[in-house]
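Let's take a friendly walk through the aromatic side chains of a protein model. Have the viewer ready, and follow along ring by ring.

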Amino acid sequence: MGISKTQTEFLKFLIAGVISTLVHYAAFWTLLNIAGVTPVGLANAIASILGILSAFLLNKIFVFQVKRNATPRMILSFLLVYSSVPILHFIVTFILSDTLGLHYNIGFIGALCVQIPTTFLGNKYMTFREPKDGNTQQI
């Protein structure tokens, strides 16, 4: 019994997430320490855009191997999926840390345990799903 397509995609999704996080942090560090961007929040905001862009490209090309051009619907769907992350983090950390009194690191890890499969499924079944009309225009 081999590994399924979805399992392979999930492993690739985890790798893409690590790479995107490294892109975000490397850009953040570079903006602060080499480019001298201030305030720190601005440097992080700019870096986060680069991290999100790398996540989109890695998910499109590496994880889900979508050959068609990026469409406005695809981009909007991706942004919608990722805009759910702060909401998920708030709800889970509020329940685990604020309501149940668990350490904030437990709340954060719990939120990641919800975020990762949620964003994977959102990308697989919303953002990068094959169109119903079968249009698979090559990039």
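**Aromatic contacts in the model**

F56 is buried, with a relative accessible area of 9%. The model you are looking at is predicted, so please read every value here as computed from it.

The ring centres of F56 and F78 are 5.1 Å apart and their planes meet at 80°, so the pair is edge-to-face.

Next, how many aromatic pairs does the model hold? The count is 11. One of them joins F10 and F120, whose ring centres are 5.1 Å apart with planes at 90°, so this pair is edge-to-face. Because F10 sits in helix α1 (residues 5-33) and F120 in helix α4 (residues 104-127), the pair ties together parts that lie 110 residues apart in sequence.

Is F120 buried or exposed? At a relative accessibility of 3%, F120 counts as buried. F10, on the other hand, is partly exposed, with a relative accessible area of 27%.

Step back and you can trace a cluster: ring pairs connect F10, F13, F56, F64, F78, Y82, F120 and F128. Finally, look for a charge over a ring: K12 lies over the face of F62, at 5.2 Å from the ring centre.

How values were computed: Residues are numbered from 1 along each chain as its sequence is written. This is a predicted model: local features need pLDDT of at least 70, side-chain atom pairs count only at pLDDT 80 or more; totals for chains, interfaces and linings use all residues. Side-chain values use heavy atoms; hydrogens and water are left out. Rings of Phe, Tyr and Trp (its six-membered ring) pair if their centres lie within 6.5 Å; planes under 30 degrees apart count as stacked, over 60 as edge-to-face and the rest as tilted. Helices (H or I, at least four residues) and strands (E, at least two) are DSSP runs, numbered from the N terminus. Buried means under 20% relative accessible area, exposed over 50%, partly exposed in between (1.4 Å probe, protein chains only). A charge sits over a ring if NZ of Lys or CZ of Arg is within 6 Å of the ring centre and within 35 degrees of the ring normal.
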